[in-house]
Amino acid sequence: MEERLIAKFAERFGAEQAEKMSEAVSFASRVHCNQKRDDGTPFVSHPLTVSSYLLDMGMDAPTVIAGVLHDTVEDGDNVQITDIEKMFGKEVAFLVDGVTKLTKSGKQTYITKKQEQTENLRKLFLAIAEDVRVVIIKLADRLHNMRTLDVCSPQKQAKKAKETLEVYAPLAHRFGMGAIRSELEDLSFRYLMPEEYASIKAQVDVQQKERLELLSSAMEQMKTLLKEANIEGSISGRPKHLYSSYRKMQRNNCTLHELYDLIAIRIIVDTVTDCYAALGVIHATWKPLPGRFKDYIAMPKPNLYRSLHTTVMDARGIPFEVQIRTKEMHATAEYGIAAHWMYKEGRKSMTELDRKTSWLRQVLEAEETTEDSKEFVDNILKDFLGEYVFVLTPKGEIIDLPVGSTPLDFAYRIHTNIGHHCQHARVNGNVVRLDYKLKTNDVVEIITSNSQAGPSRDWLAIVKTQSAKNKIRQWFKHENREENIQRGREMLEETAKRHAQSLAILMKPEYYNEVLKRHNFTSLDDLYSSIGFGGISAGQVLHKLIDLHRKDERLDAMQKKLGEAGSEALKRPLHRANPKGVYVLGDPGMAVFFGNCCNPLPGDPIIGYVTRGRGVSVHRTDCKNVQTLMQEEDRIIEVEWAVDARTDFSATIRVFIEDQPGSLLEVSKVLLGLNVNMTDLSSRSTDDGYAAMEITCTVASSEQLSTIISNLKKLRQVVDVFRV
């Protein structure tokens, strides 16, 4: 496989580039040498196949090389993006980093799988906005994974299929990659709704066979007519994809027999002129259905799609669709943005592509005005990857907007200032309300006025798109700063009164400075202004101030209890340790034991509780029992990990893993490789096909435990690992 791939690459890019490709293949083979896929084949076969897909799409050399390397950082041991950059250059390194999960690229570690997935999607979307080749690699990667998903467990199949249908198929559609989108949808449909899939597949196979037989004479007649008209072209029957048919049946509440576009006859010619000439031949011979002609050549779809569509009737009264396009249009319909590398000189001639993917700039704008990762990702999925309508400007330019969008969303999509100064709108020549719901093919005209000082706060309830909401909020943030500051101050005061709190007590510099730091504000005015224009709620700020005040009160109570000796001890470096490795403030000789409820480790924030007769019980500050203990503040005592602690500690982790032969062995190998001593292990099967393992082991610190968890998460069978 490696030799064929390198030879094919060399044929296209030459010997010098082929040498780099050969180095990439060798490097990937070394990194993945001990890894297997779920079907038992060598793992390296996956990136090589992905690279082959990219080569078949006509992608440039850096993208094809990045395809070979795309899993080396994520699945390799101790491989960093900097290593890729040193060996293969910045361009390839950026593409690899773009498709590498955040937790594997050395940026940050997240607590839950859901948070981790959100951050990974955020990173992916931002990388795509910088270089669209990232999405082509990612889609090629997902396509091969979906094609080989049958060897995985039903749980993994459902999880991957759901993610593919919600994120990756819409991405493929957004970038015009029709062939990949359709296959991803059909594969996801197969695993998510196997009964519906099997039923509709059986029906479609019969229907399509019958329809092709009925249309065979029409196709033969078309070939003759095109030849007589001196139009060179090929004719074929294109079956409709299963998921598309299923969705149409659900949407129109109809049966498969009521769908007449299960088969479309596709005519591929050489030139645009030939497209229209072929259309004339078709309409002169078969009766066209009114309202069923669409000219996507004169008015291409925003995702680059160009073609002529018409629906005609044959002599027996059977309607069928005909699609007419050039070879280049066909490549674009199948591969979308990837087709630009087939017909253009790489990234030097990307003006058309940059114009067609201008919506990506709005992704970056959304990132700049959204602090919360989940909100940012949800906005992208809704604004750009959900169901949308196509509306037109007065000049005929097509603009796509999410279903439910209004003329205000349209205005802000065109330009921020047009949105800010929108006075009213015309749709299809008629004045409409600003909350009118736009429909496909609406022609929208925005009437602006300089007397319109700016947006109204009511508009936030009218607009559908998050990008429009963000622009409105930004206007209030910058244009009405003094008003926002006053409004924010009053809102915070009103919220404090409702909660029976005194701002005079809560607004100490040490408290509000923590709030400023947390939200990246430089002054109190920035905080008040943000509350005033809706960037942050007054309730959020008040609750944080209350938490800081209560924490301060607890600390004061402890210091009062400990007296001067405790205060002085708090200032001194901690050097001495009792046998448990914990220093008790004011009484280093006091007996210490650890709470079984949370099992703290060196490195964990801890707190002490003076028990009756047993000494000090030490707990993690995030222990579920701490709030109960805090009710007896006079028994809370300050404790610290000693700097010279050399004690071994017991820690328990829970591993959720696919319930299959060899899973326990793989976990044991990881622990053995890390020289970890297991003291207890139990395992039980769950109802959903997984095994839940509880492993107790001896560790020296929370840092060592984090290393153990991180390495276990690398196992392909592992779904989740966390500390108990």
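Biologist: At what angle do helix α1 and helix α4 pack?
Modeller: Helix α1 (residues 2–13) packs on helix α4 (residues 61–69) at about 165 degrees, and their axes are 11 Å apart. Axes here are lines fitted to C-alpha atoms, for helices over the stretch in contact, with angles running from 0 to 180 degrees between N-to-C directions. Helices (H or I, at least four residues) and strands (E, at least two) are DSSP runs, numbered from the N terminus.

Biologist: What model is this, and how are residues numbered?
Modeller: It's a predicted model: local features need pLDDT of at least 70, side-chain atom pairs count only at pLDDT 80 or more, and totals for chains, interfaces and linings use all residues. Residues are numbered from 1 along each chain as its sequence is written, and side-chain values use heavy atoms, with hydrogens and water left out.

Biologist: Which residues make the contact?
Modeller: Leu-5, Phe-9 and Phe-13 of α1, with Ala-61, Val-64, Ile-65 and Val-68 of α4. Contact means heavy atoms within 4.5 Å. The contact residues of α1 and α4 divide into seven nonpolar, no polar and no charged.

Biologist: What about α2 and α6, at what angle do they pack?
Modeller: Helix α2 (residues 15–31) and helix α6 (residues 81–88) pack at about 150 degrees, axes 11 Å apart, so α2 and α6 are roughly antiparallel too. Lys-20, Glu-23, Ala-24 and Phe-27 in α2 meet Ile-84, Met-87 and Phe-88 in α6. That contact has five nonpolar, no polar and two charged residues.

Biologist: Ile-84, OK. Which residues touch the most other members of the largest nonpolar core?
Modeller: Ile-84 is one of them, along with Met-57, Leu-69, Ile-136, Leu-139, Leu-171 and Met-177, in a core of 64 residues. A nonpolar core is a set of buried Ala, Val, Leu, Ile, Met, Phe, Trp, Tyr and Cys residues joined through side-chain atoms within 4.5 Å. Buried means under 20% relative accessible area, exposed over 50%, partly exposed in between (1.4 Å probe, protein chains only).

Biologist: How many residues of helix α20 are buried?
Modeller: Seven of the eight in α20 (residues 407–414), including Asp-409 and Arg-413.

Methods
Ala, Val, Leu, Ile, Met, Phe, Trp, Tyr, Cys and Pro count as nonpolar, Asp, Glu, Lys and Arg as charged, and the others, Gly among them, as polar. Angles under 35 degrees count as roughly parallel, over 145 as roughly antiparallel, 65 to 115 as roughly perpendicular and the rest as oblique.
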